[in-house]
Amino acid sequence: MKKITEENKIDFFTCYLNGELEEAEKIHFEREIEKSEKLRIEFEEFKTFWKNLGTVEVPEVTDINNKYSELKERIKFTETEVKKNRNFISKNIYHNEIFNKKRELFGWTIRFAALLLLSIILYQILIIDHSRQTTITAANEQPEEYYHITKRGERSEIILPDESKVYLNSSSRLSYSSNFNENQRLVKLEGEAFFEIEPNKNLPFIVKTKHNMVKVVGTKFNVYNRDDEFVVAVSEGKVMAIDNQGSIVSLEKNQAAEMKGNNELVKTTGIDIEQFIDWRKEKLAFKNEPLYKVMNEIELTFNINTFFKESSLRGRKLTGSFDARSLNEILTAISISLNVDFEKEGNRIIIH
Amino acid sequence: MSDNRTKKINELVERIKSEDESAFEEFYKVLYPEIYGFIFRNTFDQIQSEEISQETFIRFWESRDQVSTDRHPKAYLFKIAKNLLINSINRKKKIYSLDEDFIENMLGAGEISENMLEHDLKKAILKLPEKCRLIFLLNRFHNFRYAEIAEILDISLQTVKNQMSKSIKLIREYLES
C-alpha cells in the first residue's frame, strides 16, 4: 500500500474526494487520517479548498426554449436545404427536357412529366391537409419555408414578420420559416442583401450563409455570400460574424469581415460602407414626369402598390434625381418638392 | 455522476439514434447548461460559449449514428465541445495562460456580483496550461471520472492523474501568492 508522504498527500486528498481511490486504498487512507492529527487537519483544510474551487459562477441559461428553436432551425436548414433545392430546380430541368427529347423518347417523358405533376399535386394536397391538422394539434406542427428569390437584374425589398427590412440584390435568395419571430429570428441568405433589423434583445437576428452566420440584436449591415466567398459590412450597430468552428469576429460601424473558402474570418476596419452597398444605389431620375409615372417607377423598384386618393395629383410634374436607397427618403423628398402627403398602409402608399 | 442520471441519458441517446426528435430536445435541455458552463469556464465569453455550445449539439445530432451508448455518450458530447473549443482557441491564436493584463481584461467585462476568491480563482484557472485546465474543469465541475476524461481528451489515464495533480498544485500556488 502506497505510503502517504508530503509529496503525494495532495494527490491522495484529491483522489479520495473524487472517489478515485480503490476500496483498499480508501480504507488505508481513512485509517491514516485517524492516526495522524496533523494529516487530518491538512485534509480538512484541503476539503475547504476543494469546496471553494467550485465557486466559479456561470451565467444562467434563461431562454433554453428559444435556444432549442434556434438549434432546430439551424439543423433543419442544413438537412432540408438539399432536398428543397432539388425540388425547386428539378421542375425546370424536366420541363426543358420535355421539349428537347427525341421523338422516340417523347412518350416516356410525357409519362414521366405526368407522374411528376401528379406527385407535385399530391404533395401540395398533403401539405394543405397537414396544415389543416396542425391548427388542432400544434405539437406536431411542421412550419413552412418562405422563399424570396430575385432573378438577374431584379431587386426586392422584403419586410419580415418582425418589421425588419431586407433589401435583396439580384440573383439572390432569402428564406425563413413560418414561425419566424415566434421563438427565433433566423433567415438564410444566398447572394447579397442589406439588412435593417428591428431590435429585439430576446430574439437575436441571425443570417445564415453557406459557411457563416451573422448574429445581431438590431442594426444595419450588408451580407454577401456567393459560392465560397463571404463578406459582411456594418453600417450601424454591432454585429457578430461567426464561422463554422464557432470563431467570432465582432464588428461595428464601418468595419467588415471577409472569408474566402474555408479559411479564417478576416476583419477590416475603417471601411467606406458605401462601397459595400453601392449595389443599392439605383438612381431614380425624373425630368418633368407626371407623378403617376413616378409612382409607377417606385412601385417596380420597391415592389409596393400606390394609390392616388386625390386623382388631381396624378398630373403633378416632378424633376429630380433620387438615390433609390430608401423609399422613405424618396417619398420625403417628393412630398417636400411637390407638396403632397404620403401615407403608408401596409403594402400600399396613399397619395393625397 | 449518479447512475440514474447516466441511465436516463443513455436511454435518451438510444432514442436519438432512432431519430426521436423529442428525445433530442430533452437531451439538449438537460445537457446544454453543462456544455455551456464548460465552455464558459474556459473562455469567460458568453457569446462564444453560446455559439460553441449550439454547434456542439448540431454536430452531435449529425453524428448520432456513431454514438455508442455503452461508452459514455455524455463524454462523447464533451469531446465534440472540447474539439470545437480548441479549434476556436487555435484560430484566435491567443495564448491564455500567460498575459496577466489580457486575462484581467477578459474577466473585467461585466462581472458584478463576484468576491475576491472567485475572481482570483477564475484567474488561476485561466492561467493553467490548456490540458491542465480542461482536465481540472471536467473533473471539478462536470464530475467526470479520470477514465472518462482520458477518453474525452484522447490521453492516457496516467497523464490525467499527473495533470490533475499539477493543476491543483498550480492553483494552490497561485491563490496563496
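Biologist: Hi! Where in chain A does Asn8(A) lie?
Modeller: Asn8(A) is in the segment before helix H1 (9–18) of chain A. Helices (H or I, at least four residues) and strands (E, at least two) are DSSP runs, numbered from the N terminus. This is a predicted model, where local features need pLDDT of at least 70 and side-chain atom pairs count only at pLDDT 80 or more, while totals for chains, interfaces and linings use all residues. Residues are numbered from 1 along each chain as its sequence is written, chains are lettered from A and ligands numbered from 1 in the order in which they are written, and side-chain values use heavy atoms, leaving out hydrogens and water.

Biologist: Is Asn8(A) buried or exposed?
Modeller: Asn8(A) is buried, because its relative accessible area is 13%. Buried means under 20% relative accessible area, exposed over 50%, and partly exposed in between (1.4 Å probe, protein chains only).

Biologist: And what does Asn8(A) touch?
Modeller: Not counting residues up to four places away in sequence, Asn8(A) touches Lys2(A) and Lys3(A). Contact means heavy atoms within 4.5 Å.

Biologist: Stepping back, how many helices and strands does chain A have?
Modeller: Chain A has 8 helices and 18 strands. Of its 352 residues, 40% count as buried.

Biologist: How do helices H2 and H3 of chain A cross?
Modeller: The axes of H2 (residues 23–35) and H3 (residues 37–52) come within 5 Å and cross at roughly 110 degrees, so H2(A) is roughly perpendicular to H3(A). Axes are lines fitted to C-alpha atoms, for helices over the stretch in contact, with angles from 0 to 180 degrees between N-to-C directions. Angles under 35 degrees count as roughly parallel, over 145 as roughly antiparallel, 65 to 115 as roughly perpendicular and the rest as oblique.

Biologist: Which residues make that contact?
Modeller: Phe29(A), Glu32(A), Ile33(A), Glu34(A) and Lys35(A) come from H2(A), and Glu37(A), Leu39(A), Arg40(A) and Phe43(A) from H3(A).

Biologist: New topic: which residues have the most contacts inside the largest nonpolar core?
Modeller: Those are Phe24(B), Phe27(B), Phe57(B), Phe60(B), Phe136(B) and Ile168(B), in a core of 72 residues. A nonpolar core is a set of buried Ala, Val, Leu, Ile, Met, Phe, Trp, Tyr and Cys residues joined through side-chain atoms within 4.5 Å. Helix H2 (residues 21–43) of chain B gives the largest share, 11 residues.

Biologist: What is Phe136(B) in contact with?
Modeller: Leaving aside neighbours within four places in sequence, its contacts include Trp50(A), Leu53(A), Ile125(B), Phe141(B) and Ile168(B). Phe136(B) is also one of the buried residues of H7(B), a helix (residues 130–140) that is mostly covered, with 9 of its 11 residues buried.

Biologist: Back to chain A, where does Glu70(A) lie?
Modeller: Glu70(A) is in helix H4 (residues 64–100) of chain A. Glu70(A) counts as buried because its relative accessibility is 9%. Beyond its neighbours within four places in sequence, Glu70(A) contacts Gln184(A), Leu186(A), Ile206(A), Lys215(A) and Gln54(B).

Biologist: Last one: what phi does Asn339(A) have?
Modeller: Asn339(A) has a positive phi of about 60 degrees, although it is not a glycine. Most residues other than glycine have a negative phi. Asn339(A) is found in the loop between helix H8 (327–338) and strand S17 (342–345) of chain A, and counts as exposed at 66% relative accessibility.
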